[in-house]
Amino acid sequence: MKLRTAKLRENYVACELTSKGIPLRYWRGKREAEIEFVVELKDEVIPIEVKTGIRINSPSLSVYRENNKMPFAYRVSQKNFGMYNDIKSALERGAKGKII
């Protein structure tokens, strides 16, 4: 069930990005490190990681940011808005503003 939920969340974020004309790219590092979306906006590269639940541990984001000198990143999850270790949390909402 968790894998299916994760894929649904990633698909939701992908649809939101593409609906705004943002090309989809991803990053995969050594071992199992991966970032679901790496987008370019106004000459800035922004990594976006999609998580299920409220877990805030993001080792892949840390690896990516260290290797690419990123000032910040985004994590989409059910965790409320905020900033933790220069990672901005965005609350994921579905249709009619309901939390997915």
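**Terms and values in the model**

Reader: Why is Lys7 called partly exposed?

Author: Lys7 has a relative accessible area of 48%. Buried means under 20%, exposed over 50%, and partly exposed in between, with a 1.4 Å probe and protein chains only. Lys7 is therefore partly exposed.

Reader: What kind of model do these values come from?

Author: This is a predicted model, where local features need pLDDT of at least 70, side-chain atom pairs count only at pLDDT 80 or more, and totals for chains, interfaces and linings use all residues. Residues are numbered from 1 along each chain as its sequence is written, and side-chain values use heavy atoms, with hydrogens and water left out.

Reader: What makes Lys7 and Glu10 a salt bridge?

Author: Their closest N and O atoms are 3.7 Å apart. The term requires a side-chain nitrogen of Lys or Arg within 4 Å of a carboxyl oxygen of Asp or Glu. The pair therefore qualifies. Both residues lie in helix α1 (residues 2-19), three residues apart, about one turn of the helix. Helices (H or I, at least four residues) and strands (E, at least two) are DSSP runs, numbered from the N terminus.

Reader: Why does Glu10 count as buried?

Author: Glu10 has 17% relative accessibility. That value falls under the limit for buried, so the label holds.

Reader: How many salt bridges does the structure hold?

Author: Three. Glu16 and Lys20 form one of them, at 3.6 Å from N to O. Arg28 and Glu34 form another, with the closest N and O atoms 3.1 Å apart.

Reader: What makes β3 and β4 a pair of strands?

Author: Five bridges join β3 (residues 37-41) to β4 (residues 44-50). Pairing needs at least two bridges found by DSSP, so these strands pair. They run antiparallel and form a hairpin with two residues between them. Leu41 stands opposite Glu44 in β4. Lys42 in the turn has a positive phi of about 50°.

Reader: What is the mean pLDDT of the chain?

Author: It is 76, and 71% of the residues reach 70 or more. Over residues 94-100 the pLDDT is below 50. pLDDT is the predictor's confidence in each residue, from 0 to 100. Where pLDDT is low, the predicted coordinates should not be read in detail.

Terms used: Contact = heavy atoms within 4.5 Å.
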